[in-house]
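Me: I have a structure open and would like to learn how to read it step by step. Could you take me through some of its features, beginning with a helix?

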Amino acid sequence: MHLPDVVPSRMRRTLPRTRRTLPRTRRSFIGLLVLVTLTAAGCAQDASRSQDNGGADTSTNDSTVTTDAPVTLTLLAHDSFTPSETIFDAFTADTGIVVRVVRGGDAGAIVTKAVVSAGNPEGDVLWGVDNTLLSRAVDANVFTPYVTVHRDDLDAAGVALAPDGVVTPVDSGDVCINYDKQWFAERRINPPLTLQALASANYRNLLVAPSPLTSSPGLAFMLASIAEFGDEWTQWWTTLRDNGVLIVDSWSHAYYSHFTAASDGERPIVVSYATSPPAEVIFADPRPTEAPTAVAALTCFRQYEFAGILRGTKHEAAAQKLIDFLVSRQFQEDLPLTQFVWPSNRNATVPQEFLDYSLRPENPLILDPTIIAARRAEWLDTFSDVVLR
Amino acid sequence: MSNRSLRAAIPALVWLAIFLLLPVVVLLTAQVEASDVSRVLTRQSTWRIAWFSLWQALASVIATFALALPLTWFIGRHQFRGRGVVRAFASVGFFLPSVVVAAGFIALLPTRLHVSLAAMIAAHAYFNIAVVLRVIAPRLETFDIGLLAAARTLGAGALRTFTSVAWPAMRTAVVSAAGVVFIYCFTSYAVVRTLGGVTRNTIESDIAVRAYAIGDLGGAVVLSLVQVVVIATVVLLGRALARDAATAPRRTTLTLTAAAGVRAIVGAVIIVVTLTLVAAPLIALAMSSFQVGDTWSFAGWRSLVDNGAVAATPESAPADATSAFALVDSLVTSGRTAVLAAIVALVLATGLARTVVRLGTRGRWLDAVSMVPLIVSPVTLGLGLVVTFDSGWYDWRGTWWFVAVVHSVVGLPLAVRVLVPVWRNVAPSLRDAAAVLGATPRQRFIDIDLRLLRPALVAAAGLVAAVSLGEFGAASMLSRSGAETLPVMIARLLGRTGDLVRTQAFVLATVLVVACVSALLLVESGARNHSHPRDNTHA
């Protein structure tokens, strides 16, 4: 059976390891290398020892929080975390807690970094681990559980993915097939409404999709096919490949270089977000009355994003308050127009223009995060072999 | 004497040991098991990917030389007005973040060529014109043309003159430039991913996939070691081939000929063709910044000046609207980092270069060590830094200056490369004369070496600053507080739906191009006043 690739780093240290992988270069090099390697190995052990202590101490961390001293919390987030600039001012006014936002690459990068520094985190709270990455982080024991006071107001399906409060669902969005309405109308062809339809000869050479290996919507689309077809998913991709699907590196390349509705490209079907049509309207000058694109609701895979308290934080109580704020109405109502996602808090008011052009699929495709974590590497390898040959 | 001169290199060596070697070793010991090594080395795809990395890098080196050599020859052998400006413009590609250049190529190329081997190799050549130009042209400048005439007088044919006189004098510079270009192309990541397409992988792009998409850290680290070994082998092989020419460079008089007559026409053609090729993707970028969807519009630029243009849509301004305020913020962030990185790299590189020059041919190993930052995978280095500097007083994750520290490491090889050849040309007789006149070693260093090196120091600092402005490698793996840097901001805006958002990305890219060109022109104007160190001595 397949084991998750990421084993907690502390377990790894107990395993035998090799040193013979150092590059063998010229003799004059080696003297220096050996010298510095020895020093380095010494330091590394120091570093790991203190890291282990940090992990063991977490249970006592609460006591280190003093009530009077102003606390500064570090909120780690991916590069797409762009709330309104003044959004944390109210939180600071209420609690005296200052929030410092630190961005660290895309979602995959921040989770990988959280995993290698589990127990000795870079910050106090992490924003932006999604259901395709969640188990990788949870298995590496990255988070300290906390059940938010707003729990009952949150999207139940999101909460169900992290039942013990190890993380808190903060927003969700759907990755779906988008199509160019005008292209299909002009040719009097029906647009594809299901994943199965995409394999039909009617849609030969019409689909462009980002690769699951390098793109998060690309990964969601691969998972959608697995959720829809089960073990038959590779056959579907083989048909798709023979039907002329174009796989590119990134979402932006697919959408802005190949999608007929957004570029000079020649493909009227693209893998994108369910919120792409409203964005096409809101970020256009002048604004059209109707979105030029539409979403095939039955092809949607739902992505939930979560926030969690990082194990090893020195400010656990303050971090809990921040989690509460992140799912409060005030913060949640800022999300739709700044990040084009749906709020997790059901009481949050969603702006009318967002509602007007958005589609919220009722029964999106979804997969259990533990299954994703366990089989993701294998699936990606299979995808490489089958589709990217 | 030898011990004394080695001392100057110690800060740089310690710096590299702490911020380059240590993180990689820590990551290695923490994440790699014996089974990872055998797993990676026995996987067939590893060797397929390594082979692709190798041959595409060699092909890219050839393409780079084909593109850059005519201009390099003309600039290296001729004196003409606007020489510095031409050199600045021709170099700009090297300093732009690959996400910007790739966007420019995509804006320029027909859809059919977006993803192709040709586009990928063309982009590699585009990036590296500057390397060939900056490394080989200075050597051409100091080549004594009289030697060729002497050989011809003695009866040597054109071929014989080339193989016996011209090539031996140029060999080291050519091999050095080829080596650097090879390393950059071998470790190429963003270009391969964007223009090479999803079926083409270099070791570096596979490292990123393993580390971030699959979560196989052990495999990623082992792959980065494979990369180091392959590159080191090829580069050392190249150096061994160039070894015979290791005689100290012959100092000759400056014999640049004024471009006139037929040569002026040939030169003009070379310059126009090369600069057109360099400018095309950038002009395509700039034009995109005036387009929203299919219509021409100033909306992108307007939104930069005041938030109004975009905020006119919903009553709450979307955060994506990139205001002038946010832009100034990110320019300040980028600028502050660039200045600190340049200062640190300059101080370290000066010491290192001094030792390399003093040791002469015995300094080759040190010269090689200074190249090491180029061959370490940015993904691996970034992760290594995160697990190494992680607790107590050395928990530096998320501080702004730590990014500058990483940039100083990545920029060090370039600074050393700029300083060493120029320093070698400082006549030792000047120092001797000063010593006879009673100058202390410190006075000699400050009043002779540093003064004569000023243009090279300015150039080195400018290069490190420009690299820092555009860097999207190791530092983008680090967490950053405060305002985003421009390249990160551009990448994020390019990843969003909405015509106006996309136009804003092109506006920012245009701003970045202008900033980089200005920085390079500044460097050139600093260097032009003292176009050659020895000219100064006669003044």
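Predicted model: local features only at pLDDT ≥ 70, side-chain atom pairs only at ≥ 80, totals over all residues.

Me: Why is Pro487(B) called buried?

Reply: The general idea is to count neighbours, a residue being buried if 20 or more other C-beta atoms lie within 10 Å of its own. Pro487(B) has 24 other C-beta atoms within 10 Å, and therefore it is buried. This residue is found in helix H24 of chain B. Sequence distance and spatial distance can also be read side by side here: Pro487(B) and His407(B) are 80 residues apart in sequence, while their C-alpha atoms are 14 Å apart in space.

Me: Which residues have the most contacts inside the largest nonpolar core?

Reply: In soluble globular proteins, nonpolar side chains tend to be buried together. In this model the largest nonpolar core has 285 residues, and those with the most contacts inside it are Ala349(B), Ala415(B), Ala460(B) and Val464(B). Helix H7 of chain B, residues 117-141, gives the most to this core, contributing 16 residues. If you select Ala415(B) and leave aside its neighbours within four places in sequence, you will find it in contact with Ala345(B), Leu346(B), Ala349(B), Ala460(B), Leu463(B) and Val464(B).

Me: How should I read the domains of chain B, and how many residues of domain 1 are in contact with domain 2?

Reply: Across the boundary, 39 residues of domain 1 of chain B are in contact with 44 residues of domain 2 of chain B. On the side of domain 1 that touches domain 2, the largest share, 13 residues, comes from H25(B). The residues of that side of domain 1 divide into 25 nonpolar, 10 polar and 4 charged.

Me: How many helices and strands are there in chain A?

Reply: Chain A has 17 helices and 10 strands, and 54% of its 389 residues count as buried. When you turn to contacts in chain A with a separation of 6 or more, residues 24 or more positions apart account for 76% of them.

Notes. Residues numbered from 1 in each chain as written. Chains lettered and ligands numbered in written order. Core = buried A, V, L, I, M, F, W, Y, C linked by C-beta atoms within 7 Å. Buried ≥ 20, exposed ≤ 12 C-beta atoms within 10 Å, placed from the backbone. Helix = DSSP H or I, 4+ residues; strand = E, 2+ residues; numbered from the N terminus. Contact = placed C-beta atoms within 7 Å. Nonpolar A, V, L, I, M, F, W, Y, C, P; charged D, E, K, R; others polar.
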